[in-house]
Amino acid sequence: MKIVAADVLVTSPGRNFVTLKVTTEDGLTGLGDATLNGRELSVASYLSDHVVPLLLGRDARNIEDAWQFLYRSAYWRRGPVTMSAISAVDSALWDIKAKAAGMPLYQLLGGASRRGIRAYGHASGRDLEQLFDSMRHHLELGFRAIRVQTSVPSLNAVYGVPATPATKGENGHYEPAQRGPLPAEEDWDTRAYLRHIPGVFEAVRNAFGPELPLLHDGHHRMTPIEAARLGKALEPYDLFWLEDCTPAENQEALRLVRQHTTTPLAIGEVFNTVWDYQTLIREQLIDYVRSSVTHAGGITPMRKLMDFAAQYQVKSGMHGATDISPVGMAAALHLDLAIHNFGIQEYMPHNELTNEVFRQTFTFQDGYLHPGDQPGLGVELDEKAAAQFPYQAAYLPFSRLKDGTIHDW
Ligand code: EZ4
Ligand code: CO
């Protein structure tokens, strides 16, 4: 099953996506998501300049071998660009293998461990009234778990809250990357944030009752002791998880947070290998793994990571923001369905244009996602439609403190 072509497709139906399409000599095709938000063209170049020439002529069936070859032969290991590129190859080869077998990918991964995949959506608001509207809207859409983000008094622009609220029924989900030549500047004040957030969760619990699973994303902004304080303050409101409470580089930080709070912790959307989790999982410092198939090197290493995590009762909570393309989302859903230690799946629906370019078979019903039963991943890329939306430069924002110091965004 020789690989005869590998094409890198960059398209921007509302936002940028990078997709690898691998074709075999018998005409089978497989897709892989290689989207790295705000740095898309570096992965496209890594693939087309350095990986595609290595794929031509290889046997598409040997996925583990392809992964090890791309990882080890590069010599320069890890990093988001390298790992997103390897992810795309790995997913595309799994797509091909499952199509050749005539099965949806989850069957090759061991079959379904559950009927559906519980997903959480993103509610947000500049104030409580907008937040509650957004929460009710998500409940109407069927979500049975909701991430809560709000503005903070004294701050102009905060992660997770769109400048203008989504109107009801419109698919106006928060999209942090903005088109244009320069990144947008946001402001930050951790003390103001820490004073504000517990009251928001108290109000949400009072309004929506004790049952609804609630999540919150700290987006890498706190020191360990600040994160510990927030986790403790949120305990009465029974969060499903507190995400990315401290920046990603320092696994030891979570030890300090963990000593102080029983609020469950999730981390890792910006991690890209199992090594980033070694201490966190072995010492049981976290409860949920946030990596996506798209950024952690593909289905092959994500399966290994989740099996390692299972030994410590750590569960999955895969990243599913809109910068994970429908191809990356489908790959996540097949894995979510197959693994035993599934926790929850993040789900931000893509816009209509994206869904026209990427034809999908996955479904969202009554709060549960399902990858569908088409052979392979179940996503096809309409290349004609994709070509109508050329790449447009877009950056993620950055933050500054009141005195101008750059802070973690
Ligand atoms: O900021 O995907 O939990 N979700 C997130 C996302 C990330 C974006 C970055 O590309 O933190 O909104
Ligand atoms: Co996050």
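The shell around ligand 1 holds 7 charged, 4 nonpolar and 3 polar residues (Asp, Glu, Lys and Arg count as charged; Ala, Val, Leu, Ile, Met, Phe, Trp, Tyr, Cys and Pro as nonpolar; the others, Gly among them, as polar). The model is predicted: local features need pLDDT of at least 70, side-chain atom pairs count only at pLDDT 80 or more, and totals for chains, interfaces and linings use all residues. Residues are numbered from 1 along each chain as written, chains are lettered from A and ligands numbered from 1 in written order, and side-chain values use heavy atoms, without hydrogens and water.

**Ligand 1**
- Of the 14 residues around ligand 1, N37, Y159, H219, E269 and D323 come nearest (a heavy atom within 4 Å).
- An N or O atom in the side chain of E269 lies 2.7 Å from a ligand 1 oxygen.
- For N37, the corresponding side-chain distance to an oxygen of ligand 1 is 2.8 Å.
- A polar side-chain atom of E243 is 3.0 Å from an oxygen atom of ligand 1.

**Cobalt ion (ligand 2)**
- D217 (OD), E243 (OE) and E269 (OE) are the protein donors, 1.9 to 2.2 Å from the cobalt ion (donors are N, O and S atoms within 2.8 Å of the metal, or 3.2 Å for Na, K and Ca).
- Their sequence spacing is D-x25-E-x25-E.

Methods
A polar contact is a pair of N or O atoms within 3.5 Å; within protein, one must be able to donate a hydrogen and the other to accept it, and residues adjacent in sequence count only if both atoms are side-chain atoms.
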